[in-house]
Amino acid sequence: MTGKTIITCAITGNLTKPEQSPYLPITPEQIATSALEAAEAGAAIAHIHVRDPATGRPSMAIDLYRDVMERIRARNTSLVINLTTGPGGRFVPSVEDPRVAGPGTTLMQPEKRVEHIELLKPDICTLDLNTMNSGGEVVINTPRNVRIMAERMKAAGVLPEIELFDSGDCHLARDLFNDGTLKGPGLFSLVLGVKYGFSATSETMFYARSLLPPGAIWSGFGIGRAEFPMVAQAFLLGGHVRVGMEDNLYMSKGVLAKTNAELVAHAAGILKSLGASVASAADARAMLKLV
């Protein structure tokens, strides 16, 4: 509990559905505006997914990522931009033949999943290490594919934020550092509360933290109702925090957040009540050694 605490805001995600909240940012303008509002409320990092403006469904269109980044940079040059590489790893077996991909499958070559990173060169991009059940579907991130993506991130000069969903992911991360695929000490996110992954409890976060490499910079966050309790827990264990509509749509039971800024402001209030100093974007850049 030393130094300043970074707040990341995950603006829109790819699993949250527009029908769950009328306030979910969909278009590039809405996503960029929401990120800028979150920055004003105390977020130092904006984690970005994009969506098809016509349908609200997840997209990997490079032009949409570029549009969001340009809109943010036109008004704020210091906010740390973190682009996702998560989409492209979901498999849904067909009912007739489980070897064949069914509707909802998004699997693509690892090179395609990082193409926007190589072209747009954000400050940070996520690197998911999870292979796990996700609802009735499966997320697949094989060690081979993860290594390909990590090498391309390294070549692009983009810092990977390594997302860990269960203990096996932590062991894979250590292998990637040991064989030189990743360079230490590493930036990590502990994702708690996804069904069949890490549970969103104090004991689990403490255990997950113990599996990180020495000197790791990390954040921990909870999904749904666990979002705000995990803000406090991550800080108390020496980590940074994340909130946002990707992870949780509610301010309290039955009360939808109208903006990501509301979620950030509440997280900042929790941190300050515990004695934390909230990091600015400039602070975060210095801490993460970003140019």
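**Reading cavities, pockets and helices**

Me: Strand S13 (217-222) contributes three residues to the lining of the largest cavity, the most of any element. What is the volume of the largest cavity?

Reply: Please keep in mind that this is a predicted model. A cavity is a space where the 1.4 Å probe fits but cannot get out. Here the largest cavity has a volume of about 80 Å³, and the structure holds one cavity of 30 Å³ or more.

Me: Which residues line the largest cavity, and how do they divide by class?

Reply: Its lining includes Ile 6, Thr 8, Ile 45, Glu 161, Ile 217, Trp 218 and Ser 219. By class, seven lining residues are nonpolar, three are polar and one is charged. Strand S12, strand S13 (217-222) and strand S14 (240-243) each supply at least two of the lining residues.

Me: How much space lies in the largest pocket, and which residues are the closest to its centre?

Reply: A pocket, unlike a cavity, is an open set of points. The largest pocket holds about 1,200 Å³ of space. It is lined by 48 residues, and the closest to its centre are Asn 14, Leu 15, Thr 16, Arg 90 and Ser 134. Strands S5 (58-59), S8 (124-128), S9 (132-134) and S10 (137-139) each give at least two residues to this lining, which divides into 16 nonpolar, 20 polar and twelve charged residues.

Me: What can be said of the second largest pocket?

Reply: About 520 Å³ of space lies in it. Of its 26 lining residues, Val 158, Leu 159, Pro 160, Lys 183 and Leu 288 lie nearest the centre. Helix H5, strand S11 and helix H10 (281-288) are the elements that give two or more residues to this lining. By class, the lining of the second largest pocket has 16 nonpolar, four polar and six charged residues.

Me: What covers the buried residues of helix H1?

Reply: The cover includes strands S2 (7-10), S3 (45-48) and S4 (50-51), together with helices H2 (62-75) and H9 (260-273). Among the buried residues of H1 are Pro 28, Ile 31, Leu 36 and Ala 39. Helix H1 (residues 28-41) has 14 residues and reaches 20 Å, close to the 20 Å expected. Just after H1, Gly 42 has a positive phi of about 130°.

Me: Why does Tyr 250 count as partly exposed?

Reply: The class lies between buried, under 20%, and exposed, over 50%. Tyr 250 has 37% relative accessibility and therefore counts as partly exposed. This residue lies in strand S15 (residues 250-252). Leaving aside neighbours within four places in sequence, Tyr 250 is in contact with Phe 228, Val 255, Leu 256, Ala 257 and Leu 263.

Terms used:
Residues numbered from 1 in each chain as written. Predicted model: local features only at pLDDT ≥ 70, side-chain atom pairs only at ≥ 80, totals over all residues. Heavy atoms only, no water. 1 Å grid on protein atoms, 1.4 Å probe; cavity = no way out; pocket = protein on both sides within 12 Å on 5 of 7 lines; lining within 4 Å. Points joined across faces, edges and corners; volume = space filled by probe spheres on them. Helix = DSSP H or I, 4+ residues; strand = E, 2+ residues; numbered from the N terminus. Nonpolar A, V, L, I, M, F, W, Y, C, P; charged D, E, K, R; others polar. Expected span 1.5 Å × (residues − 1). Buried < 20%, exposed > 50% of the residue type's maximum accessible area, 1.4 Å probe, protein only. Contact = heavy atoms within 4.5 Å.
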